[in-house]
Amino acid sequence: MQDECCNINERDMRKKVTKEREPKKRTTTSYVLKGVAQQNYDIRKIRFAMEQLSRTKDLPWYEDAFLFVEKLIKYVAIPSAILASILPISGFISSYIERINQQFIESRYLEYASELLEVGKFERARNIIISLENQKKLNTKTQYFSSKLASLEAEERGNNLEEAVDSLSILILLNKEPPIFFPNTASKNDLVDLYLSLIDVEIENGQYNNVSERIKAVRALLPPNIIAQREADILLRDAHLAILEQRFADADNTLANLVKRASNNSLFMGELRFLSGKSLMFQNKNQTALVEINASVEIFKQAGYKLGLMKAYNNLGFVYLSMKKRDLAIESHETSLSIAKELNIRRGVSRSNLNIAVIEKGNGNVSRAEELSLLALADFLDMKNQLGIFAAANNLISIYKDRGDLLSALKYAQLCFDTAKSLSDIRGIASAAGFVGDIKRQLGVREDSLYFNMISYVMYRHVSDVTKTAIVGDILTSLSMQGDSTEINGAVDKLKLFISGMGRPDVDIGELPVGVLTDGQGVSSGEAKGG
């Protein structure tokens, strides 16, 4: 009898333990992402958690209703003749709803593909259209989790940034005015997460123009109560964008307001101190930047948040380099590199390698700088990380120019120029065009040199960089004095085509300091209209 009681108690205990271990069902990703900081953004753990959630394939409510009706009919023993007449109707309705839903999915995919075509992203548009073939049996819940995972891998590891943007953008479109019978893809809070993930990925890839529009869209789309709940998360991105766009007063005000709401030593406070330090770093306020970034380091250490430590040490390296403390700069970047390798974050590894390369070049270790820059560039190209590509190619330009290898320098200058165009980065286009123009001048290709220096001049003038506009203007005047009307007019014609192809009506050619054409063999002083 005693043994039997023991067995009963044992069984009860097992049931209790099993019950306690069963994960609770959640409708949002809070279950998936809870404790992610403590797990150091281990993508394998996140993937496993998401796969577990995505396996709960809830049927649409109308299919549940049909199944219920079918069971009820059988249970109450309705005659088979009546049964035979009812069940095909449910099948017809289900088929009709499925067709409506499929048409909606196709319309959203084609809508997004059209948006890509309008901005010249032909390959990505083609891939979206091809992927429609795989959407015949779309499971919206699976699509949600796969998009969320893609964004995490893109944001934290730097992998497949464009694919993540496309996946998230389509999923957001699927949540925009769906048919009444369309399966629920995400809750309102999940939808905020999708927008914030998309914002983070676009910031990572330098697509700042899209971010402010995304923030407006999420505010307009969602109910006020949801926005109020997530206001701090949205404002954090707002502040980050303001820093990157050098609107430091806006950023500092937003961060100061958020600090009042955050508790000390929370991860959110760590992010605020980190961004505050980043803002100060961009303003060359190095001493106060050190205080803020070091404060974020301490918070991240206490939380065991290694991803935060990786980016904080990276920025410490920049601050120390600005203060001419090269040894501390390399030490900080090497710490960041070590953490990135431990977490298997490829983007972090590549970024640290490039930052160390910049310092090594300044220290005179040019071969080491070249090796690390090429390694970083190869990784950034593979990851399609546009900002990384631009930065690595930019470092290689100066390495090869200093060595006198003008053809290699031209190759990476052209890569910089093409990348800046892809990003629609006006200042980047100005800088890269200036490099290409200078190298073309040294190679004796005068018309191309005129053309690229004209681009540089127009772009610097557009962003109101008076100093660089004047420098490039002097170069253009000098080149035009050496050239003839054919070269100048040819360069101006190519400039007009370039500006019209940018799709930026706010960018105006205006007047160019290339002289007034005289007899076709030269120019006199003055200015010629660029058109």
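Colleague: What happens just after α22?
Modeller: S464 takes a positive phi of about 60° there. Helices here are DSSP runs of H or I with at least four residues, strands are E runs of at least two, and both are numbered from the N terminus. This is a predicted model, where local features need pLDDT of at least 70, side-chain atom pairs count only at pLDDT 80 or more, and totals for chains, interfaces and linings use all residues. Residues are numbered from 1 along each chain as its sequence is written, and side-chain values use heavy atoms, without hydrogens and water.

Colleague: Thanks! And α22 itself, is it mostly covered or mostly open?
Modeller: Mostly covered, as 13 of its 17 residues are buried. Buried means under 20% relative accessible area, exposed is over 50%, and partly exposed is in between (1.4 Å probe, protein chains only).

Colleague: How far does α22 reach?
Modeller: From first C-alpha to last, α22 reaches 24 Å, close to the 24 Å expected at 1.5 Å a residue. That expected span is 1.5 Å times one less than the number of residues.

Colleague: Where is L443?
Modeller: L443 is in the loop between α21 (426-442) and α22 (446-462). L443 is partly exposed, with a relative accessible area of 36%.
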